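This briefing covers one predicted protein model.

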Amino acid sequence: GLRGSTNGNFSFAVKGYQKITQDMPFYVTDSVDNKRFDIVYSDANLWGGYLELSYFDADRFRVTGSVNVFSFAEIDKLDKPYLRPTLEWTSNGMYRFNQKLSVQADLFGVNKSFALLPTGSEAEIKGAVDMNVSAVYTYSKYFNIFVNVNNLASFKYQRYYNYPSYGIQALGGLSFTF
């Protein structure tokens, strides 16, 4: 791969890869309980490419986007890479208002994947997009106040067969470092 940055505020990473994996775990739906998985370990040959671009001002903001595309050339014990998407992408940004307050937003997604059902048939799991926002207020060197909001748009999706995502979720709290 190749990683670099300009004299200014731009960085990049590009890589292509082939990965031969022994005993890679793949998940198939359990034949007795549709909400459980059996693990099938299989040798796999994986080809892929990755691109990341980032623009930043070290003291104020950062915007990053990345794409990871991969393909399973061969899998010894299965017909497909079950429950494994072949495209993942992310976009995130961070803005620091001052020394005490910063916010971050993340948007990420995957393409469709397939699940092997106990009957031997396949089910398609649609691609998914998720958006999260968080904020941190640094009260002192030892004390932070934070809030995280996940799945902000309340998209309904399944990452795994029979496991729907939660709707919008929020978490706030205090953090103390010593």
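**Strand pairing and side-chain contacts**

Strands β9 (residues 128–138) and β10 (residues 143–150) run antiparallel and are paired over six bridges. V136 has F146 of β10 opposite to it. The model is predicted: local features need pLDDT of at least 70, side-chain atom pairs count only at pLDDT 80 or more, and totals for chains, interfaces and linings use all residues. Residues are numbered from 1 along each chain as its sequence is written, and side-chain values use heavy atoms, with hydrogens and water left out.

**Sheet**

- Nine strands make up an open sheet in the order β1-β2-β3-β4-β5-β6-β9-β10-β13, with antiparallel pairing.
- The edges are β1 (2–5) and β13 (169–176); each has a single partner strand, so one side of each is left without a neighbour in the sheet.
- On average, neighbouring strands of this sheet are turned by 20° against each other, direction ignored; axes are lines fitted to C-alpha atoms, for helices over the stretch in contact, and angles run from 0 to 180 degrees between N-to-C directions.
- Strands are DSSP runs of E with at least two residues, numbered from the N terminus, and two of them pair if DSSP finds at least two bridges between them.

- Strand β7 (residues 113–116) pairs with strand β8 (residues 122–125) in the antiparallel sense, over four bridges.
- A115 is opposite A123 in β8.
- Five residues lie between the two strands of this hairpin, and G120 in the turn has a positive phi of about 95°.

**Salt bridges**

- The structure holds two salt bridges (a side-chain nitrogen of Lys or Arg within 4 Å of a carboxyl oxygen of Asp or Glu).
- One of them joins the side chains of E122 and K80, at 2.8 Å from N to O.
- This pair links distant parts of the chain, 42 residues apart: E122 is in strand β8, and K80 is in the loop between β4 (61–75) and β5 (87–96).
- E122 counts as partly exposed because its relative accessibility is 36%; K80, at 27%, also counts as partly exposed. The classes are buried (under 20% relative accessible area), exposed (over 50%) and partly exposed in between, with a 1.4 Å probe and protein chains only.
- E124 and K112 form a salt bridge, with their closest N and O atoms 3.9 Å apart.
- Here too distant parts of the chain are linked: E124 is in strand β8 and K112 in the loop between β6 (101–110) and β7, 12 residues apart.
- The relative accessible area is 48% for E124, which is partly exposed, and 41% for K112, which is partly exposed.

**T29**

- T29 belongs to strand β2 and is buried, at 5% relative accessible area.
- A polar atom of the T29 side chain lies 3.2 Å from the backbone oxygen of L116.
- Beyond its neighbours within four places in sequence, T29 is in contact (heavy atoms within 4.5 Å) with residues including R36, L116, L117 and Y161.

**D30**

- D30 sits in the loop between β2 (10–29) and β3 (37–57).
- D30 is buried but has no salt bridge; R36, the nearest side chain of opposite charge, is 5.4 Å away. Lys and Arg count as positive and Asp and Glu as negative, while His and the chain ends are not counted.
- The D30 side chain reaches the backbone nitrogen of D33 at 2.9 Å.
- With neighbours within four places in sequence left aside, D30 is in contact with R36, F37, D38 and P118.

Definitions and conventions
A polar contact is a pair of N or O atoms within 3.5 Å; within protein, one must be able to donate a hydrogen and the other to accept it, and residues adjacent in sequence count only if both atoms are side-chain atoms.
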